[in-house]
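This briefing covers the contact between two chains. Please look at the sequence and the model before reading on.

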Amino acid sequence: MDPNKTEDKSTLPLLGRFLSWFTKTENSNKICLALVALCLALFLADFTYDKHGHFHIEEIPGFYGIYGFFMFTALILVAKVLRTLIKRPENYYGDKAIDGEDYPNDQLEQGSK
Amino acid sequence: MISILPTAFIFIASALILGFLPRGHIRSTILLATPVLAAWHIWNLPVGIFSQVEFVGQTLDMMRVDKLSRIFGLIFCLAAFLGNLYAWHVRDLIQQVAALLYAGAAIGAVFAGDLITLFFYWEATALASVFLIWARKTEGSYHTGMRYLIIQITSGVILLAGTALLYRDTGSITFERMTLGSLGTWLIFLSFGIKCAFPLLHNWLQDSYPAATITGTVILSAFTTKLAVYALARGFAGTELLIYIGAVMTLFPIFFAEIENDLRRVLAYSLNNQLGFMVVGIGVGTEMAINGTASHAFAHILYKALLFMSVGAVMLRTGTSKASELGGLCRTMPRTAMFCLIGAASISAFPFFSGFVTKSLIMDATANQHYPVIWAILVFASAGVLSHSGIKIPYFTFFGHDSGLRPKEAPIHMQMAMGLTALLCIIIGVYPDPLYALLPYEVVYQPYTMGHVIGQLQLLCFALLAFIFLMRSGIHPPEIRAVNLDVDWIYRRLVPTFYNIIHVATVKFFTYFDSVINDFIQLTIKGLYKLLGPETGVSRMRGVGSMVVWVAILLGISLISSYF
């Protein structure tokens, strides 16, 4: 089906219609804002209780948030560099691997909604 | 001594009668009933050592029942049940028998009280499971299965060699806690390490799991590696080396998973990373850490199976598990999408999901023993888990860009298997006490503290924020059709290339050597020909007449000489 065509949403299951709300571009800003608000609330929540972790570094307000944000970014950047080094065409290992071949049709139960 | 039926025999008996039953629902029912019966059997077992048999002068302990073996036995039964429910539609007898024997062998190994029994079941898991890969019936899966089998059998052979050396040193084959030192213990350690996918020994996992059938991968994901985790927990608890091995295991797969296109291979890398957490727990070795490892293995088998199930359902409907070809499937496969999200939340250890209440035991046990660097690596690896299993799997399959595919929802039995597994993931997360009660040691632990919940939510939500930031700025690497090199390149490319070079060189050398010898022989023959050939004086033909003349001359000479 052509993704650019507007499809009749009423044929989708109820849960499908609900989930597809998250895929719309016009809603992505709302999702983004909600997440920023959640992160802010979680950061502020750090001031509401006595922090006593195993290590001193855990007592910094928002330590886990800062660590998570920067380490996640670092992970993606390193992975990008890694890809340039180890990426090969899909049929690199030829017929000795499954990467270039299709899954046998007789073991599938395909069908469109 | 009380003799009881070894639990593995229930599976073996079922596998034997399966072929005589009519195809269809009756066989599928037996596949479901067997693990239920086995779980009931394990549940009612008393603690102790049973079913001893004599074998070439040794006493084999077929059933050693304690809390550690019991929890692994139970989760293996549960995994077999859920996997077989998911595979209800499969009518291939080979896969059905393989699934039963594989689960039975893994359970047999868990209850093995000595290293010889362990060896038998260790090899049996390898032999049974390879059929789940070959059942795909393609050229690629045949070769992949061979590679898998060679590595798994090698692991068993090393185990046997280690056992023999250990027996020479200690005179005992009992499978109990060992200390690394002698060659025998190192070999056993290496053997466990291969099956546990230690760094550099790991690649059979990512190579073979995506090559199995849709249902086969779900079953494969549960047993082999967790059997190795059990074996390490039994044999090498408190071995400090394992802390560092485990930390590396949590770390390196997250980079590979990030750029991998085949989602089943992403899950295999993710499985490797989760094993890392368990191995760290074994290395720390305190009661809390071993509890953490056992409970994490339990929870992990469920959410990993759930993720493999959801990707498998997508594959059944679309024919592919490649992220570059998928996207936007939440519209027509919303239930599968929800189950996948629950699996993703569980593996990412969101509060109220199973990973949260089990992984934190390992994290806290590590922090308690003052390993700050290891602890920091584990926290980083937790963010990494969110990246590939928590975000990548559901986002690029069910959300993300619209692939235009509108497949049907998964078959009803698959939905039931996924639904049941998802329910267990949530129940464990919300109410962990029954799981804690099954653990090897008493649990004095409260996962739901304010600091713990807020800290974990911060880590995950800020990482999610980073993901959105990277996606919007176009920095996040796109999903593209490609394969990525890993250690298996050494035995799939380097060694064959090297072998080829030697082969070509050898052939060239002998061809040259051959031609030199040939030339020599030719020259010799030619020389002899010239010297003694028909052209030469030696072999010139002479007429009979000249011969008669010469005879007459000789006779004349002898006549004349007789007168003197």
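How many residues does the contact take from chain A and from chain B? It takes 63 residues from chain A and 70 residues from chain B, where two residues are in contact if their C-beta atoms, placed from the backbone, lie within 7 Å. This is a predicted model, in which local features need pLDDT of at least 70, side-chain atom pairs count only at pLDDT 80 or more, and totals for chains, interfaces and linings use all residues. Residues are numbered from 1 along each chain as its sequence is written, while chains are lettered from A and ligands numbered from 1 in the order in which they are written.

**The chain A side**
- Two or more residues each come from helix H1 (14–20), helix H2 (25–45), helix H3 (63–86) and strand E1 (87–88) of chain A; helices (H or I, at least four residues) and strands (E, at least two) are DSSP runs, numbered from the N terminus.
- H3(A) gives the most, with 16 residues.

**Strand pairing**
- E1(A) and strand E3 (residues 483–484) of chain B run antiparallel and are joined by two bridges; strands pair if DSSP finds at least two bridges between them.
- Arg88(A) has Val483(B) in E3(B) as its bridge partner.

**Helix packing**
- The axes of H3(A) and helix H15 (residues 372–398) of chain B cross at roughly 65° and come within 9 Å; axes are lines fitted to C-alpha atoms, for helices over the stretch in contact, and angles run from 0 to 180 degrees between N-to-C directions.
- Residues of H3(A) including Tyr67(A) and Phe72(A) meet residues of H15(B), among them Phe380(B) and Ser387(B).
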